[in-house]
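I opened the notebook to look up charged side-chain pairs.

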Amino acid sequence: MTAILCYGDSNTWGYQASTAERLGRWERWPGAVQRELGDDVHVIEEGQNGRTTVFDVPFEPDRNGLTYLPVALQTHHPVDLVVIDLGTNDLFLPGVNAYHAAHGAMKLAEVVLASDAGLAGGAPAVLVVVPPPFAPLGTWDQGESPGAERESQRLSQAFIDAAAAYLEEDGITVPLLDLRDHVASSPIDGIHFEADGHRAIGTAVAARLREMLSL
C-alpha cells in the first residue's frame, strides 16, 4: 500500500476559521486526498497548530517542524512520499520573512530526501506545498508581525527561488504545488480555510500525487 505523510500546521490539522474547531476527517484536505486516491493509498495526517518550518516559537518549543520531522518519519516508516505544507506560521515570528519560510521548507525537504524512511531503506519522495497569500488579517497583523500579510504575497516567488537554489547547489529537484492557484484564505481570519477550501486543496494535492506516484 502506498503511504503518504502529510506534514503541516493547523491547515493540515483542519482548523476551521468560522468555528475555531477541527473539521472532520473527511472534510480536512488529507481526508479529501484519501477519498480522491482510494483505498490502495494510506494518507497519514501529521498536522499541528502553530507549527513552523524550522523556527522555535517563544514559549512553545514543540512547534519547530524541523525538530519533530525525523520522529514523524521514524514513526510512520516506510513512507512513499511526504507532503510538506508549512510556512504560514513562520511569518508571524519576529524577523522571519518569506525568504526564510521558503528556505525552511527546503530544509525540511532535504531532511526527507536524506532519510531512510522510504521503502527498502531509501528516501521518500517529497512535495512542498506553497501556502496561498493571506486574506486581510485585521488584528492579526499587529505587534511584532506587521509585515506578515505583505510577506505572504511573496511566498510563491520565494519558494520558486528557494527550490531553484536547492537544485543549483545539490542537483535535486523539489516539486512545488502553489496553492494560490487553487484556493483563497478565509476572510474570517486571513489564514485558515473552510471545508470547501480543504476540498480544493485535497483535489489539487491528489492530482499532483497521481502524477508523481503514477497512481
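Entry 1, ground rules. I am working with a predicted model, where local features need pLDDT of at least 70, side-chain atom pairs count only at pLDDT 80 or more, and totals for chains, interfaces and linings use all residues. I number residues from 1 along each chain as its sequence is written, and side-chain values use heavy atoms, with hydrogens and water left out.

I took a salt bridge as a side-chain nitrogen of Lys or Arg within 4 Å of a carboxyl oxygen of Asp or Glu. By this rule I have nine salt bridges.

Arg28 sits in the loop between helix H1 (10-13) and helix H2 (29-37) and Glu45 in strand S2 (residues 41-47), so the pair ties together parts 17 residues apart in sequence. I read helices (H or I, at least four residues) and strands (E, at least two) as DSSP runs, numbered from the N terminus.

I call a residue buried under 20% relative accessible area, exposed over 50% and partly exposed in between (1.4 Å probe, protein chains only). Arg28 is buried at 8%, while Glu45 is partly exposed at 23%.

Arg63 is buried at 17%, and Asp62 is partly exposed at 44%. I also noted that salt bridges with shared partners join Arg25, Arg28 and Glu45 into one network.
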